[in-house]
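Me: I should like to learn how to read the features of a protein model. May we work through one together?

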Amino acid sequence: MRIRLLAAAACTVAALTACSSGSRSPGVPSLGGASQSAHPPTGGCISAADGLSLMIGGKDAPRQGTDEEQGYQPTCAGATGDARKNALHAAAECIRQHGIPTYKDPVLTGDGHVYTDSRSLQDAEQTTVLAAAQACDAQIRAAELVPDGQAPAPPKLVQAGVKAAQCMRSNGLPNYRDPNANELFTPGHGFGMHPEDLPGDKTDPTVHHALEACRQVLDEEARVSSLGSLAA
């Protein structure tokens, strides 16, 4: 499981996982931190139906292999234009009305990819997320939305992440790896880091020094990962 960065301060990731073909990312996303069902999605991306199926499996559903074995499956690209934007708004509004009032409208890019407010779902109780997903099933499917899933990281975010990684390596963490487009990130919080890249947790003096020395570039990475920046 990865450690994410919030305004250049490390914190433990809870629940949500996204995916990567590389070794740095932990697995396929599941709604609100629910474990994957016995029937993981097939194909190259996660659709709304896939996401709901994973969620319905619940926390006790059997998993298919480890996170590392499952690899990255980004959310599927879909329609563009006002009709889908309106559908995404309707789905988000439904989620807000069913127990997660902080959930922000997803961002739709010109090529049909969607970025979501995954942190609001991470922070909510799992039972609340499941209830909202069930209540908003029709709207989620109509919007082609995976509520806590993410499209691949765009180039400007990858560039910001690589700059932050270079800083971390220059400040005592030589094993800190560069992110890539198929890398887990949380909108508004940026990429994270693997525990195996570090000599210890965030209380380790070397890790603490690197975080402090790189605070500015880590903050910039977080800014570039925000929904507002992703929408630009």
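Predicted model: local features only at pLDDT ≥ 70, side-chain atom pairs only at ≥ 80, totals over all residues.

Me: How many helices and strands does the chain have?

Reply: There are 10 helices and 6 strands. Of the 232 residues, 52% count as buried. The accessible surface of the chain is about 9800 Å², and 53% of that surface belongs to carbon and sulfur atoms. Consider also contacts between residues at least 6 apart in sequence: 71% of them join residues at least 24 apart.

Me: Which residues of α5 are buried, and why do they line one face of the helix?

Reply: The general idea comes first. An α-helix has 3.6 residues a turn, so residues three or four places apart point the same way. In α5, the buried residues are Val-129, Leu-130, Ala-132 and Ala-133. Seen down the axis of α5, these buried residues fall within an arc of 165°, and they therefore line one face of the helix. Thr-127 and Gln-134, on the other side of α5, are exposed.

Me: How may the length of helix α7 be checked, and against what do its buried residues pack?

Reply: Helix α7 covers residues 155-170; at 1.5 Å a residue, its 16 residues should span 22 Å, and the end C-alpha atoms are 23 Å apart, which agrees. Its buried residues include Leu-157, Val-158, Cys-167 and Met-168. The buried residues of α7 pack against the strands β5 (185-186) and β6 (190-193), and against the helices α8 (205-213) and α9 (215-224). Just after α7, Gly-172 takes a positive phi of about 105°.

Me: Which residues touch the most other members of the largest nonpolar core?

Reply: That core has 20 residues, and those touching the most other members are Leu-88, Ile-95, Ile-100, Tyr-103, Ile-140, Ala-143 and Leu-145. The elements giving two or more residues to this core are α1 (48-56), α3 (82-97) and α5 (126-135). The largest share, 6 residues, comes from α3. Another core, of 14 residues, lies apart from this one; among its members are Ala-165, Leu-173, Met-193 and Val-207.

Me: Which residues does Tyr-103 touch, beyond those up to four places away in sequence?

Reply: Among them are Ala-92, Ile-95, Arg-96, Thr-116, Asp-117 and Leu-145.

Me: What is the phi of Glu-144, and where is this residue found?

Reply: Most residues other than glycine have a negative phi. Glu-144 has a phi near 55°, a positive value in a residue other than glycine. Glu-144 is found in the loop between α6 (137-142) and α7. Its relative accessibility is 35%, so Glu-144 counts as partly exposed.

Me: Is Gly-110 buried or exposed?

Reply: Gly-110 counts as exposed because its relative accessibility is 74%. This glycine is found in the loop between β3 (107-108) and β4 (114-115). Gly-110 and Thr-80 are 30 residues apart in sequence, and their C-alpha atoms are 6.4 Å apart in space.

Notes: Residues numbered from 1 in each chain as written. Heavy atoms only, no water. Core = buried A, V, L, I, M, F, W, Y, C linked by side-chain atoms within 4.5 Å. Buried < 20%, exposed > 50% of the residue type's maximum accessible area, 1.4 Å probe, protein only. Helix = DSSP H or I, 4+ residues; strand = E, 2+ residues; numbered from the N terminus. Contact = heavy atoms within 4.5 Å. Expected span 1.5 Å × (residues − 1). Arc of directions from axis to C-beta. Areas by Shrake-Rupley, 256 points an atom, 1.4 Å probe, with all protein chains shown as cover.
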